[in-house]
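Please open the structure in your viewer and keep the selection panel at hand. The tour below goes from one selection to the next and says what is found at each stop.

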Amino acid sequence: MMTATSSTPTLGTAMAADRIRHVTLSSVTLPLDVPVSDAKVLTGRQKPMTEIVFLFAEITTDEGRHGTGFSYSKRAGGPAQYAHAKEVAQNLLGQDPSDIGRVYDMLLWAGASVGRSGVATQALAAVDVALWDLKARRAGLPLAKLLGSYRDAVRTYNTSGGFLHAPVEEVKARAAESLASGIGGIKIKVGQPDMREDLRRLAAVREHLGEDVPLMVDANQQWDRHSALRFGRAVEEVGLVWIEEPLDAYDAEGHARLADALDTPIATGEMLSSVRDLIRLIDLRACDVLQPDVPRAGGITPYLKVAALADHAGLQVAPHFVMEIHVHLAAAHPRESWVEHIEWLSPLFDERLTIEDGRMRVPERPGLGLSVADEAAAWCLDAVEFRAPGG
Ligand SMILES: [Mg+2]
């Protein structure tokens, strides 16, 4: 029995624990080769996307261990993520980086007045991913193996060739290129103001690729409930893998009714930025395929909670964007699903993911298996360092 004089170490003071000595945060703006438009642009709600803003966190310990993580924002939020991370990062110094949940909670409480969603937790996501990267590197394992992997490669589909700024002939050509490169499925964007144009593009792509190629569509939230149902009924025979974001991202009830009414699976979840919002989709059975996003939902730690609940409820989990992180998580999901292939982040890293036979291989390197490319320094707008005393 423990006594008041026991020398049992308590959390945070365990002997021989490695400690966080040094944290670097940086804000990186990556330009895109071509301005990108989905249905939100065609309905006039957003402008074409020309760049993505990243928050990078690099953590170093007393023993010289490293971890690198990042979060991102599209169109707005990048400076706010960076500002919030700078406010709370000092708390990391001296902490044991292995205690990820405790460290995450500590950062949440440090920024409690700005809440547990959106920019506040997206800022923490960069740190959280860095801590998981560090932990897997320390173990000498790819992150997927640290989490517990079900497969060495994950089915992958291409999205980047199917946006609405591209004429249908270009979409068809890019889809054929993707399949020739080993990618296993194709997603095209829909949700234009004229639904007949969506149906024409879809029919043209299906005819070009043939009946056997797995095909998804993504409306990026631009239909109302009636339009979504009408589209869903019109394409029931097309055999789509899923219809993605048919409705407003927060209309969980509408998604649930649609999922009940259609045989084609419904996918959503990429826009939601908190565990609570994602759990609501699960509780209401609002979709067949849940699409959480590690940086957007606050990091790997909250993502794992959501993914476990989704699997328990019988849903597939097909993460959104950032294949560089998500290939590891998708490998660790019991139900096999899909990883989204969008190559926009490639200039930031030295390594390339291997794709063959319709699948993306999980890197065998420790951690995420990523190293930031020297060229990325050219896109770095600002950086700040935090050091432990004497560090
Ligand atoms: Mg989407």
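In what order do the four strands of the open sheet stand? This is a predicted model, and in it the four strands follow the order E3-E2-E1-E14, with antiparallel pairing. To see them, select residues 66–74 for E3, 49–61 for E2, 20–36 for E1 and 380–387 for E14. Strands E3 and E14 are at the edges, where each has a single partner strand, so one side of each is left without a neighbour in the sheet. If you follow the sheet from one strand to the next, the twist averages 20 degrees.

E1 and E14 are joined in the antiparallel sense over seven bridges.

For the following stop, colour the protein by domain. Domain 1 consists of residues 20–140 together with 374–387, while domain 2 covers 144–361. The C-alpha centres of the two domains lie 24 Å apart, and 33 residues of domain 1 are in contact with 26 residues of domain 2. If you colour the side of domain 1 that touches domain 2 by residue type, you will find 19 nonpolar residues, eight polar and six charged.

Finally, select residues 275–283, which form helix H10, together with residues 300–312, which form helix H12. These two helices pack at an angle of about 10 degrees, with their axes 10 Å apart, and that angle makes H10 roughly parallel to H12. Show the side chains of Val275, Leu278, Ile279 and Ile282 on H10, and those of Pro302, Lys305, Val306, Leu309 and Ala310 on H12, for these are the residues that make the contact. Taken by type, the residues of this contact divide into eight nonpolar, no polar and one charged.

Notes: Residues are numbered from 1 along each chain as its sequence is written. This is a predicted model: local features need pLDDT of at least 70, side-chain atom pairs count only at pLDDT 80 or more; totals for chains, interfaces and linings use all residues. Domain bounds come from an automatic or database domain assignment. Two residues are in contact if their C-beta atoms, placed from the backbone, lie within 7 Å. Ala, Val, Leu, Ile, Met, Phe, Trp, Tyr, Cys and Pro count as nonpolar, Asp, Glu, Lys and Arg as charged, and the others, Gly among them, as polar. Axes are lines fitted to C-alpha atoms, for helices over the stretch in contact, and angles run from 0 to 180 degrees between N-to-C directions. Angles under 35 degrees count as roughly parallel, over 145 as roughly antiparallel, 65 to 115 as roughly perpendicular and the rest as oblique. Two strands pair if DSSP finds at least two bridges between them.
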